[in-house]
Each structure stands twice: as C-alpha cells, then as structure tokens.
Protein chains: 2
Amino acid sequence: MHYHYYKIIVNPGHVSLQNVGAVNFFCNYDDSRGNYLVDVDGNRMLDLYTQISSIPIGYNHPALLKLMANPNNLSTFVNRPALGILPPENFPDKITESLISVAPSGMTRVQTMACGSCSNENAFKSMFIWYRNKERGHNSPSEEDLSTCMINQAPGCPDLSILSFMGGFHGRTMGCLATTHSKIIHKLDVPSFDWPIAPFPRLQYPLEEFTRENAQEEARCLEEVEDLIVKWRQKGRPVAGIVIEPIQAEGGDNHASPDFFRKLRGIARKHGCAFHADEVQTGGGSTGKFWAHEHWGMEDPADIVSFSKKLLSGGYFYRDELQADKPYRIFNTWMGDPSKNLFLAEVLNVIRRENLLEEVARSGKALLDGLYDLQAQFPGLLSRARGQGTFCAVDVCDAATRDRILLQTRDKGVILGGCGESSIRFRPALIFRDYHVHLFLNIFSDVLAHNK
Amino acid sequence: MHYHYYKIIVNPGHVSLQNVGAVNFFCNYDDSRGNYLVDVDGNRMLDLYTQISSIPIGYNHPALLKLMANPNNLSTFVNRPALGILPPENFPDKITESLISVAPSGMTRVQTMACGSCSNENAFKSMFIWYRNKERGHNSPSEEDLSTCMINQAPGCPDLSILSFMGGFHGRTMGCLATTHSKIIHKLDVPSFDWPIAPFPRLQYPLEEFTRENAQEEARCLEEVEDLIVKWRQKGRPVAGIVIEPIQAEGGDNHASPDFFRKLRGIARKHGCAFHADEVQTGGGSTGKFWAHEHWGMEDPADIVSFSKKLLSGGYFYRDELQADKPYRIFNTWMGDPSKNLFLAEVLNVIRRENLLEEVARSGKALLDGLYDLQAQFPGLLSRARGQGTFCAVDVCDAATRDRILLQTRDKGVILGGCGESSIRFRPALIFRDYHVHLFLNIFSDVLAHNK
C-alpha cells in the first residue's frame with residue numbers, strides 16, 4: 001500500500017501544500033462513499049475523523065447528490081450573494097428549514113458566517129458591543145468613543161476581555177487565538193491580548209466512578225473563574241464574555257459535568273458577562289444530541305452558541321439581547337454561503353428521517369464499551385477512555401506511541417485523529433453504525449497488540 | 001415599483017437580517033443574468049455594485065452553469081475536504097489552472113482561505129512568524145517563547161505590529177480590524193492593538209493635473225511611514241509588516257501613484273518589514289489589469305498579495321521567504337473550498353477567451369469620461385471623479401445627498417454602492433460594456449438633474 005504524503009511546496013509556481021502529519025494524503029472523493037474514504041490508489045479506508053469532524057452524513061450521500069441534480073438549485077451555487085445586503089428570495093425560508101429548525105433553547109436569532117473562526121470572532125464582537133452598551137446604559141457612544149475607535153484606542157476600542165480556558169480551542173484568527181490555549185504551534189509568534197485564562201477541570205474517567213474527586217476539581221476551577229473575573233475587572237479589563245467548549249476537543253477531549261456548566265452559566269450571569277458555548281466541533285449530533293449543551297438540561301444554556309463544521313456553514317445563534325443595536329456592526333461581504341444552507345437543510349432531513357441521533361447514541365455506546373475493553377486489555381498503552389455519543393477519545397501512554405498507532409491504524413485502513421498531548425479522538429459521521437464500530441475495534445485491537 | 005427592504009429581526013425564531021441600508025432588498029437570483037440583477041417583483045436592475053464587487057463575470061454565466069451540469073464535478077461540491085490534510089486528487093491541478101495561473105510577479109506559493117478576513121489574518125500571521133524567525137536568526141524558539149505563548153504573553157506572543165493606513169479597510173476580524181480605519185461602525189466597542197497608522201495620500205484629481213501637489217502629499221505620507229516605523233520600534237512594538245490596498249476602496253476610493261507604492265515597497269525593505277498588498281477588492285481585473293499592483297510596474301511588487309471576492313475563494317500569494325517553517329502553523333479545518341477554485345478556473349478561462357481585461361479598460365474609459373462630463377455639468381453635486389478601469393468613483397457634495405442619489409438611482413433600475421464619507425463607487429462585473437456605460441450614464445444624469 002502506497003500513501004501520498006503530500007509535500008509539494010518545492011516547485012516554484014506550485015501550490016504550497018506542506019503538511020506532513022500523521023494521516024495526510026491525497027483523496028479520491030469521487031469514489032469515497034458513506035463512512036469510507038478512498039485514496040488515489042483506490043485504498044478504501046474507514047473514516048473515523050471525517051475531515052476534522054466536518055462531514056455529517058458521510059461521503060457522496062444520495063440526498064446531497066440529488067439536491068445537486070435539481071436545476072432549481074443551480075443559481076444558488078453560481079451566484080453567491082452579499083447576504084448582508086441582497087439576500088436571495090428564498091433565504092429566510094431556507095434558514096428556517098435549516099438553522100432555525102435546530103435553534104438552541106432560548107435563542108431566536110442566527111447569523112451565518114463562512115467558517116468557525118469568523119463565527120467566533122463575530123460572536124466575540126457581539127458580546128463586546130452588548131457589554132459596552134450595558135456599561136453606557138444607552139446605545140449612544142460619546143464623541144470620545146467615536147474619535148478614539150478610529151485609532152485603536154480606548155474608550156472607543158475598549159480594554160475588554162474574553163475569559164477562556166486552558167486547553168480550549170476557538171480558532172486561529174487573532175481574536176479567537178487569544179482564547180485558544182491548546183497547542184504551541186497555534187500561538188507561537190502571534191501578538192495577543194492580555195485576557196484571563198481559567199483552568200479547565202482535569203477529570204478522572206469513567207466520570208461516574210470519580211464523582212466526588214471530579215466535583216472537587218470542578219469547584220476549584222469555578223472558584224478560579226470568579227477570581228479571574230474580579231481580578232481583570234480590577235485591572236481595568238472587564239470580562240465581557242466567557243467562551244467555552246462543551247467538550248474541549250483539540251485540547252484533548254476534556255469533559256466536564258452538566259453541573260459545572262450550569263454553575264459556570266450562573267457565574268457569568270452573576271458578574272454580568274455573556275456566556276458563549278462554542279459548539280463548532282460538538283454541534284451537529286455526534287454527542288447523541290444535536291447540541292452538546294442539551295446534555296446540561298437547561299432552558300437557557302447560553303447567550304451565544306457558535307457552530308461550523310458538520311453544519312457546513314459557520315455562524316452563531318444568540319439571544320435577543322445580543323442583537324447589535326445598528327445594522328453593519330456585524331457585517332462582511334459574504335456573511336456565509338446560501339449553498340451550504342441548502343445542503344444543511346437536506347442533512348437535517350436525513351438526520352430526522354433516519355433517526356441518526358439515536359443511531360449515534362447506540363453506536364457511541366458500542367464504541368465506548370469497546371474502548372473500555374481495550375484499555376482493560378492494554379493497560380500499559382491506553383487509559384482514560386471517555387465519550388458522549390460517538391464523540392469519544394482515549395489516551396495513549398505517550399505522544400510518540402500515539403503517532404505510531406495512528407500511522408499503523410491508517411496503514412490497516414482506518415483514519416483516526418489525534419488531539420491533546422497524546423490522545424486519539426474519534427469523530428465518525430452520524431451514519432456510523434455498530435457494524436463499523438466492530439470493524440474498527442478489530443483493526444485497532446490488532447494494532448495495539450502489535451505495540452504492546 | 002415596490003422594494004423589499006429587509007428587516008426581519010422581529011419574529012422570534014426568525015433569521016436576523018436587519019440591514020436597512022441604501023440598496024438592500026431580496027433578490028431573485030434565478031432570473032438575474034449578466035449585468036442585470038432581478039428583484040423579487042421582477043424588476044431588472046443594471047448592477048454596478050455586484051455583491052460588493054464579488055461577481056466577476058455576471059449572474060448565471062453559461063460557463064458556470066455548464067460546469068455545474070458536469071457530473072464529474074459533483075463530488076467537489078458535496079464532499080468538502082479538510083484541505084490542509086486530505087486534499088482531493090485533482091487539487092494541485094485545479095489550483096495550477098486557477099490561482100497559480102495568475103500568480104503575482106515574484107510569488108510562487110498560494111494558500112487558499114474561506115474569506116477575505118481569514119486571508120488577511122493568516123497573511124499577518126505569516127509575516128509575524130517570518131519576522132520573529134528573522135529576529136532569532138534561526139527557527140528554534142526558546143523555552144520562554146514556548147511557555148509564554150500559551151498564556152498570551154511576550155516573548156511567545158510578541159509585541160509586534162502591522163503598519164496600516166488611515167482610511168484603509170482590511171476586514172473585520174480582530175487582527176484585520178486593528179488595521180482597518182475607514183468607518184466608525186466597523187470598529188466601535190471592539191478591543192484592538194496599539195499598532196501604527198500612517199496617513200494615506202489625499203490626492204487631487206484628475207491625477208495628471210496635479211502631479212506636483214500630489215507628489216508632495218505622497219512624500220509627506222512616506223516620511224510619516226518611516227517615522228512611525230522608527231517610533232514603534234523604539235517603543236518595543238516593531239513593525240513586522242505593512243499592509244495597504246492599491247486603491248483604498250471602502251475608505252473612499254483613494255488612489256496613490258505607482259511611484260508612491262514603489263517607494264513604500266522600498267521603505268518596507270529598508271526597515272526589514274514585510275510588504276502586504278491587500279487586493280481583496282482591487283484584484284480580479286476591474287482595474288484593467290488582473291492585479292492592481294501591476295500598474296506599479298514592478299517585478300517584485302510585494303511579499304504577500306491577499307485576495308477574495310471576484311476570485312471566489314479567499315487566500316494569499318506569498319514569496320518563498322514567507323513560507324512558515326513548520327506545517328500546521330498556518331492551518332484551519334477547511335482552508336478554503338475546492339468548489340470555489342473550480343468556478344475560478346472557469347472564470348479565468350472566460351476572462352482570457354473574451355479578452356475581458358481589454359473590455360474593462362475600454363468600458364472603464366467610457367465610464368470615467370462620462371463621469372468627467374457629469375461633474376462638469378453638475379459642479380455643485382459631483383467632484384473628484386477618478387478611476388482605473390471600471391474601478392471608478394465620484395464624490396457627492398454631502399452624505400445625505402449621496403444616499404438620496406443612491407436610492408433614486410436604484411428606483412430607476414441601477415444598483416450602485418457608497419464608500420468613504422460621501423463617495424459613490426462603481427464596481428461592475430468584467431462583462432460591463434460601453435452599451436451598459438451609456439445606459440447607466442443616461443439614468444444617472446436624470447437623477448442628478450433632479451437633485452441639482
């Protein structure tokens with residue numbers, strides 16, 4: 001089996017594709033189907049990584065191909081509008097069919113964006129605008145606000161902050177990056193903001209066996225959050241918003257309990273900070289619910305929920321209060337892409353028609369049970385198996401072994417992803433079934449035996 | 001004639017579309033054709049704004065519809081890859097056909113991104129990474145770099161800056177926004193960076209009649225650029241890069257001479273700063289050359305050229321030296337969208353086959369001549385007509401009159417855009433011909449007579 005690691009930066013005039021990570025190669029997407037990704041040599045691989053968790057219902061799904069064949073949809077693809085000023089006639093209907101049909105509890109509004117980073121950047125801006133108007137007590141900026149903002153100075157560009165968590169990942173544009181603390185490679189050499197960073201609970205797994213210890217750890221982190229909010233207010237950089245992932249993904253698949261998130265939501269409210277749940281990776285069904293925050297059991301889970309990846313378009317839902325007071329405060333040329341919402345409406349139909357969230361809960365349980373078995377069988381190699389739905393992970397003894405296992409598993413026809421320091425993350429599509437779980441576990445078990 | 005200004009934020013559970021600017025309404029993109037945009041009542045309007053300058057060859061171009069009908073292209077639309085790790089087999093070919101075929105002089109590499117803001121954010125990051133490695137003299141960060149970057153502190157997150165220009169627009173994510181200084185509405189209430197802002201030349205038009213005065217003004221601005229570079233180095237925030245638009249668009253269609261840009265490029269080189277030409281709006285042919293910087297007549301016009309809009313995909317070209325030293329330093333989930341490159345390859349074919357750059361030069365001359373005539377005819381209303389190709393603008397006596405003229409022109413079936421304080425900008429597609437120029441000038445002349 002021959003894989004094409006790509007590294008084609010050397011030829012002048014050629015595109016710079018230079019990643020040489022664990023699972024990189026050129027793909028044949030024409031022949032990829034369902035859970036199977038095909039490489040250029042025709043090798044069929046079971047895909048548990050799905051383009052960094054961004055393929056919701058597998059490759060070349062017939063429903064999506066059918067949508068493409070409908071001549072009524074053509075113009076949506078060839079005439080990309082400036083959505084903020086000249087939206088297509090059917091856009092409100094399409095958004096109602098797609099995003100609004102899955103709006104988080106308490107949220108009535110949605111703003112589409114082109115990608116996850118732009119979604120978070122604009123969500124942050126919404127929180128800053130909301131916070132400043134709250135500070136003013138009205139929506140009329142002062143003359144000083146107006147003149148200073150044009151030259152990047154306070155009070156027009158205020159010294160506000162977003163509180164984030166160590167291990168969190170919220171994107172790599174400069175606002176997002178100031179809240180991202182998962183890997184050095186993301187942050188090194190890029191100027192940043194002096195914003196507070198709280199510890200994310202470091203729990204012991206399985207969660208149900210360590211409830212007391214985990215509750216203590218979560219209490220410690222929550223206390224630190226409050227301390228930081230007070231401290232940053234005192235140093236003149238008030239916390240306008242708190243951003244957190246329901247499960248830290250890139251940072252190593254770190255979970256926290258519903259109780260933690262409920263209390264954190266309460267702390268945000270108590271201190272007048274907006275609360276932003278970043279569901280870019282957790283949203284879209286892979287935890288067994290459409291949004292991971294549904295596991296918290298709250299009617300009012302957040303002020304802002306951002307999304308991208310499996311929802312095919314970026315964007316964020318938000319509560320009425322977070323609506324900017326004037327048009328053009330949140331704006332850019334494209335503000336999303338209606339062709340992606342067209343696909344999303346169809347994806348949601350498939351999820352409902354095929355009860356995919358129930359399937360995810362079922363195959364997720366099979367996957368996690370399998371990981372528990374393997375970790376019992378290979379205690380020197382695996383530990384801390386954890387997951388919700390198919391959003392599962394397991395730790396490997398060290399990074400070098402993890403990387404080797406990823407390569408060997410790939411050479412046996414299974415695509416996985418790494419995360420954190422030495423974790424493996426599982427991010428199959430929503431059409432992943434028991435059958436595929438067992439296929440995977442057999443191959444993975446062979447690889448582990450080889451590394452014992 | 002009835003126009004649907006959209007303001008549908010009021011219904012709970014409804015999408016938040018709330019802009020109520022001058023030319024906003026819902027469009028029927030199925031029936032829009034070529035230079036004509038159609039609204040939901042079937043009103044056909046000559047479009048000189050083209051979705052904020054982002055429709056290269058008009059609506060529903062047959063070549064693009066044909067591309068959609070080719071079954072070989074289907075999978076590119078329905079299987080969006082994580083381009084940074086698993087690119088499609090034909091991606092290097094498609095990029096070679098599309099972006100690489102229009103690579104700016106001296107640039108051998110390109111990185112695609114989803115939108116203009118992400119392009120500039122990542123271009124800035126490339127400049128910071130390059131600058132820090134240059135400061136170090138090698139590519140090995142210190143232990144202190146590694147530990148401090150995770151908590152947003154120097155030296156890992158260094159106090160570097162990007163020098164930008166008053167009136168410039170480079171996007172609205174937080175890194176870009178720190179270099180954007182065109183309108184208050186973009187910047188108010190968003191935290192920013194203490195980065196230097198130089199004056200952009202405020203020239204007198206027509207340029208050829210004021211060469212001496214304009215040269216003095218440009219010399220003044222260049223001197224200020226050098227002063228700022230020195231000053232920011234002294235205060236511990238060295239300028240890693242200079243970013244500038246070849247023509248400031250959003251900020252009011254402000255031009256500068258080729259000589260200005262050549263000297264600015266020289267200043268960047270002298271002080272060891274990277275030079276970034278932001279061609280998000282100027283790129284793609286509307287100045288009569290594919291890139292506006294080609295008018296500067298340089299073999300080595302810049303270190304980075306960013307693009308988006310008419311190129312359908314965001315991204316940036318860059319010189320070899322700006323290549324990040326490790327994979328994953330410049331990275332995100334999608335890193336662009338191959339379906340957009342598919343369209344771009346076809347757009348470039350049409351541009352070449354139909355000699356559209358020559359057409360742009362021709363219709364642009366007719367348009368500018370017409371504006372000169374009208375400004376002579378209505379001296380109390382119009383002034384400072386200016387342009388390159390069809391990338392033209394004219395100033396109106398005040399903002400209220402400008403906005404009224406935009407509305408009245410729209411009611412007579414022509415879409416225009418505003419920019420700056422009281423300018424009108426013309427951004428037709430590349431298929432705009434003499435015939436359309438005269439159609440526009442007749443209507444515009446009527447509206448002006450009405451406002452005299």
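In which sense do β10(A) and strand β11 of chain A pair, and over how many bridges? They pair in the antiparallel sense, over five bridges. Two strands count as paired if DSSP finds at least two bridges between them. Helices (H or I, at least four residues) and strands (E, at least two) are DSSP runs, numbered from the N terminus.

Before going on, the ground rules. This is a predicted model, where local features need pLDDT of at least 70 and side-chain atom pairs count only at pLDDT 80 or more, while totals for chains, interfaces and linings use all residues. Residues are numbered from 1 along each chain as its sequence is written, chains are lettered from A and ligands numbered from 1 in the order in which they are written, and side-chain values use heavy atoms, with hydrogens and water left out.

Back to the sheet that holds this pair. It is open, has four strands in the order β10-β11-β14-β13 of chain A, and its pairing is antiparallel. β10 (382-388) and β13 (417-419) of chain A are at the edges with a single partner strand each, so one side of each has no neighbour in the sheet. From one strand to the next, the twist averages 25 degrees. Axes here are lines fitted to C-alpha atoms, for helices over the stretch in contact, and angles run from 0 to 180 degrees between N-to-C directions. Contact means heavy atoms within 4.5 Å. The hairpin of β10(A) and β11(A) has two residues between the strands, and there Gly389(A) takes a positive phi near 60 degrees.

Next, another sheet of chain A. Seven strands form an open sheet, ordered β3-β9-β8-β7-β6-β4-β5, with mixed pairing. Its edges are β3 (109-113) and β5 (197-198) of chain A; each has a single partner strand, so one side of each is left without a neighbour. Strand β4 (residues 161-165) of chain A pairs with β5(A) in the parallel sense over two bridges, and Phe165(A) stands opposite Ala198(A) in β5(A). Helix α9 (residues 211-234) of chain A packs on the sheet, touching β4, β5 and β6 (239-244) of chain A, at about 155 degrees to the direction of β4(A).

The loop between β5 and α9 of chain A contains Pro206(A). The peptide bond from Tyr205(A) to Pro206(A) is cis, with omega near -5 degrees. In the loop between β6 and α10 (258-270) of chain A sits Asp253(A), whose phi is near 55 degrees, positive in a residue other than glycine.

Finally, the two chains together. How is chain B superposed on chain A? A rotation of 180 degrees with 0.0 Å of shift along its axis does it, with RMSD 0.0 Å. That is the relation of a two-fold axis. The superposition is by least squares on the C-alpha atoms of residues with pLDDT of at least 70 in both copies. In chain B, the C-alpha nearest the axis belongs to Met174(B), 2.9 Å from it. Of the interface residues of chain B, 100% are also interface residues in chain A, so the copies meet through the same surface.
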